[in-house]
Amino acid sequence: MGQPTLDPDLQKQKPKKYENRILRAEKTGEKKFTAPRRFFQNTYTHYNYVFNAETKLAQVLESAKMQHVERYSELLPFYNYTLEATSAQKTELDSVIYKVNAGVFLHDLRSNWMDNLYLAMGRAYFYRNTLDSAFMTFQYMNYAFHPKDPDGYDRVIASNSTEGGNAMKVSTLENRNVLDKAFSRPPSRNDALVWLIRTYLEQEKTGAAATLIQTLRNDPQFPSRLHPQLEEMQAYYFYKLRQYDSAATYLGKALPAAANKQEEARWEFLMGQLYKKAGAKEQSMAAFEQAARHTLNPIMEVAAQLEVAQLLDGKDGRNWKTVVQTLEKMAKREKYASYRDLIYYTIGQIEHRNDAQAEAEQHLLKSIKNSLQNPDQKARTWLLLGDVAFTRKQYQPAKAYYDSVETNLIDERELVQLGHRKDLLSIVVAQLEIIHRQDSLQALAALPEAARNEQLRKKLRQLKKLQNAQANANTATPGSNFPGFNSQGNLPPTDLFASGNNNSEFYFYNNTLKSRGYNEFRNKWGNRPNTDNWRRSSNQSNPVFSKEQNKTGLTAEAAEEEDLNLELLLKNIPLTDEQLKASRDSVAQARFIIGSTLQNKLEDYAGAAAEYEWLLENAPGSEMEADILYNLAICYRMLGKTTELTLANKRLGEKFPNSRQAKLSQNPLAVQEADSLQDKLATTAYDKIYDQFLSGKFQEATRSKREADSLYGQHHWTPQLLYIEAVYYIKEKNDSLAINGLEQLKRQFPEHPMASKVSTLIDVLRRRKEIEDYLANLDVQRQPEDSTRFQPIPTVETVKAPAPRETRAATKQTVTRIEQPKTDSTRLKKEAPKLPVTNLFNRHAEQPHFVVLVLTNVDPVYVNETKNAFDRYHREKYYNQPMNVSITSLSDTVKLVSIRGMVNEAAAMEYIQKAKPLAEKEIIPWMKKENYYFMPVAEDNLNLLLDSSNLPAYRSFLQQIFPNQF
């Protein structure tokens, strides 16, 4: 619709609202289009329809731009809005399309504003992200509004037969008189061609877009007013193809097409980023400086200054310090008061990258001080502070800074490095605290007795003041903060959560209310720790929870519980030779751990070498000297100190000629080959020991284990071996050895899944007598600990008694009914008939199923432990579903752990899929995978399996149903 020469069938296209009306569009051509009619139609269409449609489109676009968040540290998107944001305003865009349709139907199609209506329709479809409809609208404008010949017939676009021999005249000639310029707009068909390019690019049709761009560029009739928009499309085309240098060049030519000065500055910033990616430093710096001058956004201005500082190399007489001075002047201006945290953070970034770490730390601390309502910025500042301290090798402040970071506000890519550094710094800082504490105690011990006692008396007075201050903090005094005293008479206390006040801010977002609530709680209850059941705890009467460690090694809590005196403080001071040696050994061990961590984890070879050199000078003759010399030689090699490396290797060879470290320094390949052979022998030996334990040969296993330990040492032990050995000791009621083994497992393998369960087991063992006495007094009949008899599961009676069930064999012959056995407890339900081995089992997919864990060559002790492990697993994962676990013996070497509770075959398969991967990691990680496997079994099939004991036949039956699964 829109052109009278197209003769549309309006009866088929009219909305229902206008089905019975003869519209103005249908009357087009019936009357002459006189000047009064033209004036009326143009005015009415313009102000009632085109103006309103364009106003709504502008509002939709502005709303999408307001939702857009810029990240100046990354490459900016080409536009400061997305089609996802505009398409979310579907209601507004649909109203634009409705208004445009109404404007077309209700007005004479010869109006000068028809092409503007269609352009608004195409833009509405574009912002609605229905690009196919937008393409059809713009393409329709291309054909329908192309100039006609004098007789009203369509002309072939770009035909040399009608264009005077030039086939490239695609656009519409805008040769308008003064009257047209005053009362109408230029032909919108040319604008539609530009929007058609944009649609092609959004549809990723870069080939079609490039063709149309080149065509319009060579078109002599293409209007000069649209040249900036065409350059914009050319820049967007290269931006899509990531040809950044060409994109920046054409974007510079497209700056007049920007909607306003701020968006022009944004494009200048993007130009700087594009030139930077293309390696054009001078052009990039000029673009950033231009953006900083033109922008009204302080954040963009600071980001542009940061980019300029990064690009400066001092060759043009400027350096990064000039930018820092500029930013410091900005921070002092009241105009930028709300952005001081960002400005100081930017200064810190510049100084950190230019190795001015001390100055960077000072500016970043200013950023923290000025960051009040910007938690994201504060999190980034804490992170950079940690990086600065880490670079300066100030590991204790670095850990404190990293611990202050709100990790949920940090990008996931940075969280990996942050977590790694925090783990390593925890090791280093713990050792630094040991060194600091022991050095302080040794310094006290070195003082004369009178001076030492004076220092201790001073510390004693400080501790007592601290104790009294904390006691006063926990004792309420009458005043404005005391809950029982109301300074405002009989007025009720303020309700912090009241919703009737004018302030609708959520309580936990209001810092004033939170602070008031915290103070009232502290005045009433004291400094309570964040623990469960604190109110009911017996030792919480006026408590002091400060655990801060002082130089004497005495906590404030201990000082409160005991009478403070000089004798108490003297306990931890190394006054005897034995105490002094233990203190010095602690310092040496801590320094060695720091050196190894710096060397192997942080690759700080200079710092590690300094620690090793201190140890050689101040702790000569220690047990670690061979390791110290070997590690020091490695550090010298990495630092390129050849002279020191030669001396360290020489000293190692002379003092420890037969040590492993000396052999490694001389011929590491030979040592590796020997280690490989040793590892194979150790693995074979311990695998044998494992099998002996698991099969119940405990005496033989413990004897072999002692022999293997003497040959290979403890580093070949596995957590599985430690656990099953502890289980054996528990069976023998040798709890002390079991606890020692479990504590060793927890200490040596803290990351292993079993380590988290060991603490509970140790606690139970330590209370074993108490638990056994309690159970002994209960009137219950318990199953023997080593029993492998299958325990029948009680059936639940229903209101209507079911008829006796029949068990059918694989053949369709009738079987007799079997009575329930009275004495044999190894039957799961009832006696099944003795059937032939062949065709023994049938598939009962909808029958209740068991999941059976088949254990081979496993001692009854570990069979029971397996049952207990699955009971724990069910309590955690299937707490709302009854799951019964029972044990039965199929043969001397094969035991079945049967899990009942699956309603059908599908449920059993789902259980196996979930439990199988967890078994080796969490449920029974101490059991070898070769010693067990899962399989689903229907109730009738389990009866037949127990009678026939033909496990291979059942596995063959499962293979037919589930190939390559069981």
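**Exercise 1. Which residues of helix H9 are buried, and how are they arranged around the axis?**

*Solution.* Start with the list: in H9, burial is found for Ala209, Leu212, Ile213, Thr215 and Leu216. Next, look down the helix axis. These residues cover an arc of only 165°, which puts them on the same side of H9.

Finish with a check on the helix geometry. H9 has twelve residues (206-217), and at 1.5 Å a residue they should span 16 Å; the end C-alpha atoms are 16 Å apart, so the two values agree. Keep in mind throughout that this is a predicted model.

**Exercise 2. Work through helix H13: what is its end-to-end distance, which residues are buried, and which are exposed?**

*Solution.* Step one is the length. H13 runs over residues 281-294, and its 14 residues should span 20 Å at 1.5 Å a residue; the end C-alpha atoms are 20 Å apart, which agrees.

Step two is burial. Ser284, Met285, Ala287, Phe288, Ala291 and Ala292 are buried in H13. They cover an arc of only 160° around the axis, which puts them on the same side of the helix. Glu282 and Arg293 are exposed on the other side of H13.

Step three is the packing: the buried residues of H13 pack against helix H12 (261-278) and helix H14 (298-311).

**Exercise 3. Describe the surroundings of threonine 295: where is it, is it buried or exposed, and what does it contact?**

*Solution.* Then check its accessibility. The cut-off for buried is under 20% relative accessible area; threonine 295 has 7%, so it is buried.

Now turn to the polar partners. The side chains of threonine 295 and glutamine 262 are joined by a polar contact of 3.2 Å.

Finally, set aside the neighbours within four places in sequence. Threonine 295 is then in contact with Gln262, Ala265, Met300 and Glu301.

**Exercise 4. Build up the sheet: in what order do the strands lie, and which strands stand at the edges?**

*Solution.* Begin with the order. Four strands make an open sheet, E2-E3-E1-E4, with antiparallel pairing. Strand E2 (884-889) and strand E4 (932-938) stand at the edges; each has a single partner strand, so one side of each is left without a neighbour in the sheet. From one strand to the next, the twist averages 25°.

Now go through the pairs:

- E2 and E3 are antiparallel over six bridges, and they form a hairpin with four residues between them.
- E1 and E3 run antiparallel and are joined by eight bridges.
- E1 (residues 849-856) and E4 also run antiparallel, joined by seven bridges.

Towards E4, leucine 855 is partnered by tyrosine 932.

What packs on the sheet? Helix H37 (residues 905-923) does, touching E1, strand E3 (894-902) and E4, with its direction at about 170° to that of E4. Helix H38 (residues 939-948) lies across E1, E2, E3 and E4 and runs at about 120° to E4. As for burial within the sheet, seven of the nine residues of E3 are buried, so this strand is largely enclosed by the rest of the structure.

**Exercise 5. Compare two loop residues with positive phi: where are aspartate 355 and lysine 393, and how accessible are they?**

*Solution.* Take aspartate 355 to begin with. Although not a glycine, aspartate 355 has a positive phi of about 60°. Its place is the loop between helix H16 (340-353) and helix H17 (357-370), and with a relative accessible area of 60% it is exposed.

Then lysine 393. This residue is not a glycine either, yet has a positive phi of about 65°. Lysine 393 lies in the loop between helix H18 (375-391) and helix H19 (395-403). At 42% relative accessibility, lysine 393 counts as partly exposed.

Terms used
Residues numbered from 1 in each chain as written. Predicted model: local features only at pLDDT ≥ 70, side-chain atom pairs only at ≥ 80, totals over all residues. Heavy atoms only, no water. Pairing = 2+ DSSP bridges. Axes fitted to C-alpha atoms, helices over the stretch in contact; angles between N-to-C directions. Contact = heavy atoms within 4.5 Å. Expected span 1.5 Å × (residues − 1). Buried < 20%, exposed > 50% of the residue type's maximum accessible area, 1.4 Å probe, protein only. Arc of directions from axis to C-beta. Polar contact = N/O pair within 3.5 Å; in protein donor to acceptor, adjacent residues only side chain to side chain.
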